[in-house]
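Thank you all for coming; I would like to walk you through the aromatic pairs and the nonpolar cores of one model. Please have a look at it first.

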Amino acid sequence: MIIDTEEIKNIYFSNHYVDMRKSIDGLMLIVTQQFQMNVLDHSLFIFTNRARNRLKILYYENNGFWLFVRRLEHGKFKINEVKHTVIKTITSTQLNWLLEGLEFDNLFQEKRLLI
């Protein structure tokens, strides 16, 4: 990955899907309003679509945002869907597992539960 994970404070993953048409501003609103978190604190925020074949990662560095998109041509990311949105903290190793399409959902440490 392009980002040096040593500089990242936290890696947050939302297991509830979002509309992949959302760009930086739309994802920022989700982080600040729904999750009530600071989008500027050098953390990664990871979102997925309903079909689980796309990911978007939002990251703030210095004075600008990065928006990373990963689309699988075959298969899905192995993410369990739940009825309530859960924000989970994952490690950089788990992030790599996620991006590679490996099973990792049972290894999360739950951070916050949102309705």
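When I say contact, I mean heavy atoms within 4.5 Å. This is a predicted model, in which local features need pLDDT of at least 70 and side-chain atom pairs count only at pLDDT 80 or more, while totals for chains, interfaces and linings use all residues. Residues are numbered from 1 along each chain as its sequence is written, and side-chain values use heavy atoms, with hydrogens and water left out.

Let me begin with the cores, a nonpolar core being a set of buried Ala, Val, Leu, Ile, Met, Phe, Trp, Tyr and Cys residues joined through side-chain atoms within 4.5 Å, where buried means under 20% relative accessible area, exposed over 50% and partly exposed in between, with a 1.4 Å probe and protein chains only. In the largest one, which has 16 residues, Ile 46 and Leu 95 touch the most other members. Setting aside neighbours within four places in sequence, Ile 46 is in contact with residues including Phe 13, Leu 55, Ile 57, Ile 90 and Leu 95.

Now to the rings: those of Phe, Tyr and Trp (its six-membered ring) pair if their centres lie within 6.5 Å, and planes under 30 degrees apart count as stacked, over 60 as edge-to-face and the rest as tilted. Four aromatic pairs turn up in the whole structure. The ring centres of Phe 35 and Phe 47 are 6.2 Å apart with the planes at 15°, so this pair is stacked, and both residues are buried. Trp 66 and Phe 68 also form a stacked pair, at 5.5 Å centre to centre and 10° between the planes; Trp 66 is partly exposed at 36% relative accessibility, whereas Phe 68 is buried at 15%.
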